[in-house]
Amino acid sequence: MKVGLFIPCYIDQFYPKVAVATLELLEKLGCEVVYPLNQTCCGQPMANSGFASLSDGCDKNFVANFGEVDHIVSPSGSCVLHVKEHLHDQDEVKATYIRKHIYELTEFIVDILKVKNITASFPHKVGMHISCHGQRGLNLSSMSELTAPSFSKPAYLLNMVKGLQLSEPKRVDECCGFGGTFCVFEEAVSVKMGKDRITEHSVNEVEYITGGDVSCLMHLEGILKRQGSKVKTIHIAEILNSD
Amino acid sequence: MNPKNFNRLFFVPIQGASLSHSAAAEIFNKDESRTDWHDETLWFVREKRDKAVRQIAEWEQLRSLGSSIKDHTLSNLDNYLAEFEKNAQANGIKVHWAFDAEEHNEIILKIIREQKVEQVVKSKSMLTEECHLNDFLAKRGVEVVDTDLGERIVQFRNEPPSHIVLPAIHLKKQDVSETFHEHLGTEKGNNDPQYLTEAARQHLRTKFIHSQLAITGVNFAIASTGGFVVCTNEGNADMGAHAAKIHIACMGIEKIIPNAEHLGVFLRLLARSATGQPITTYSSHFHQPRVGQQMHIIIVDNGRTKQLGRPDFRSSLKCIRCAACFNTCPVYRRSGGHSYHTAVAGPIGSILNPNLDMKANADLPFASTLCGSCSNVCPVKIDIHVQLYKWRQELVSEGYTASGKKVAMKGMAFVLSHPSIYRVAGKMGRWMMRAFPFIMNNKSLNPWYKQREMPEAPKQSFRDWYKKNKQ
C-alpha cells in the first residue's frame, strides 16, 4: 500500500523525531511510504485565525505534493481535520480525493490497516491526552458529552504495547488550551487550561503524557519544563514504534 | 518594541469602556485559586448534566428532534408568528412588536407611564438584559426590582449577570454576605446560605406584594394556542405575574414553537442541559389574563431577522438559552462571564453578538480553542464551534482585525506557499533560536514564553533527515 506521509510544518522543524517514528512505524506495518519533498503546511494557522482566504497557496502546494498517492497519513489529528474540511483547489477532483483519503495515524492503523498486534514495548506509566480535533472532529474516540458507547482508537493501540500502564485524567477529554494562535492571543486562559490538564495527569503519577497531536504536547511540554516537572511528553507514534 | 505597541499591533481595540476578552481573562486569572473555584463550580454543573442525560436512553434522538423542530420553525417563522399573534389576541393578550431594543424599552415605558405604575418587578429575561431595559428605565426614574435571587444579587452590586442561567455564579457566599449586609442589613460576616436566602426571600416578598407590574421573559411561545411558558426554579415569575395587575412578557421572535406537544421535547431538553434537573421546578403556562389583569407580549426582533438572513449563522437562533455550552466551555470556566462584555456570554454569545455589533464583539469568536465541546452538549445541535470559525473569516473579511496580525498572516501564508522559502526560513529560525535564544525567550514580546518554555530547535528538520537517510 502506497502511503504519502504528511508531516506538518512544525513537526518537520521542531519534532523530526515524531516524523521519523511515524515513518518507521508505517514501514514496520508493511506500508510503502513516500515523503513528498516539497510539502509545507496544511494552511490551518491562517484559516483558524480568520484568514482562510490566504490559504490558497498552501492548498495548491498540498495538492501538488499529495495528488498521486493512494492514502495520506499524518501524525496530527488537527492538521488532518483541517485538510478534510477545508482543502480546495482548481483541480477539485484531486482535492476531493485527498479530502477523502487523508488519515490521522491511529485511525489509519486501526481502520485501514486493521492491525491486531503491535510489537512495541514501553514499560512506563503513561497518561492519555485526547486532542479535540482528532476526537470531536475525526471521531477517534467517544466523547464525554455524548451518550454513545465508549471506544478509543489510540487507547486500543496503546493497550497492545508491552509494559505500558495507561491512565486517564479525571476530565477525560477536556481541551489542553493550545488552540493554534489562541495559545498566544489568549495566553492566560491557554496556560491555565494546560496547567489544569497537567495537574490531573500528575495525580495519576504518570511518567509520560501522550497524544496524537504534537501541538497539544508542545504546549504541555512548555509548561512542564517551566514548572521543572519530571513528567515528559511523547507522541503516540514514538510509543508504538518503541522496541 | 514595548509591549503596548505589541498589543496595539496584534489586538483589535474594543469599542467603549470594556476590555477585550483576552485582557479581561488575564485579570480574571490573576487570582488562580478563585479561577479554580469558578472552573470547578461550573464543571460540577456540567457533570450533573452528564448524569441526567445518561438517564434517558433516547437523549441523542431527543436532541435531533429538538433541532428539527427549531429548524422547521425558523423556516416558517413568519407564519408561526402571525398564528401566535392571532391566537394570543383571541385569548385577550395585547401583542406588541418591537423592531429593536429601543422600541422594546419604549413600549414598556409607555405602559408604565399610561398606567401610572411605580413598582415594577422582573423575573429573569436575557432579552431585557440584551436591551438594557433596567438602565433605560432607571434613567427615566423607574426602578425595576429583579426577583431572581442571582439577578437581585448582581443588581445590588451594579453588575450584569455573568451567566444566563446562574447570573451570580462568579460570586462566593462571602461576597453575597457582604452585599446583603450593605443592602439588606444582614449580619456582617454571616455567610450561612440559608440565613442569606431567607433575608432575600423576606425582602423580595415585600417587593412582590407592592408591585403593580411584573415583567417576565418567555421560554417558549406556542403558535397554535397563543400561550407561553416561563421556566424558573424559584417561582418568582409566578409570584410577580400573579401579584401584579399588569404582566408584560418579553420574547425574541425565535422563541416560537408550533404546538404545545413540542413542549414535551423542549422542557425535557432544557432543564437537563441547563442544570441536570429532570425538569425546571416551575414551568408556568400563561394563556390569558385573569379577570381584571392586563397581559402584554412584546415580540422583539433586535437583529434576529438579520441573523436569520445569514446562511452560516441562522441556526444560532435555535438556542433555548440553557447555557450548557457555558458550563462545558473550558475557556468560559476560566475567564468568567464578564470577560465577554455582552449580555449573553459564553460560546453561544460569541456567535450571537457579532451579529449585533461586529466591531464591538470582534474579539469573541477568538475566545475559543474550537474544541467543539459546546456543539456536543447543545440540546438543539447548533454547530457552535463551526460558527465560531466562520465568524472569524467574516470578521477578517469585513476588516475587523489588527494590522499586525494581518501582516503576520500574509507573511506566513507567503512563506508556507513557497517550499524553498519555507525551508530556508525554517533553518534560519531554528539556527537563530539556538544561537540567540534571548530573542524568543522574552516574556514581554513573546506571549508563549511568559509561562512556557520554547521547544528545542533541532539542527536538522525531518526533511533533512529523510534526504540523508532514505534517499
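Student: How many Å apart do the C-alpha centres of domain 2 and domain 3 of chain B lie?

Tutor: Domain bounds are taken from an automatic or database domain assignment. In this case the two C-alpha centres are 56 Å apart. Chain B is divided into domain 1 (3–48 + 306–397), domain 2 (76–302) and domain 3 (418–470). This is a predicted model, in which local features need pLDDT of at least 70 and side-chain atom pairs count only at pLDDT 80 or more, while totals for chains, interfaces and linings use all residues. Residues are numbered from 1 along each chain as its sequence is written, and chains are lettered from A and ligands numbered from 1 in the order in which they are written.

Student: What is the strand order of the open sheet in chain A?

Tutor: Strands of a sheet pair through backbone hydrogen bonds, either parallel or antiparallel. Strands are DSSP runs (E, at least two residues), as are helices (H or I, at least four), numbered from the N terminus; two strands pair if DSSP finds at least two bridges between them. Here the 4 strands run β6-β5-β7-β8, with parallel pairing. Because β6 (165–167) and β8 (232–235) of chain A each have a single partner strand, one side of each lacks a neighbour in the sheet.

Student: How many bridges join β7 and β8 of chain A?

Tutor: Strand β7 (residues 208–211) pairs with β8(A) over 4 bridges, and A:Thr210 has A:Ile234 in β8(A) as its bridge partner.
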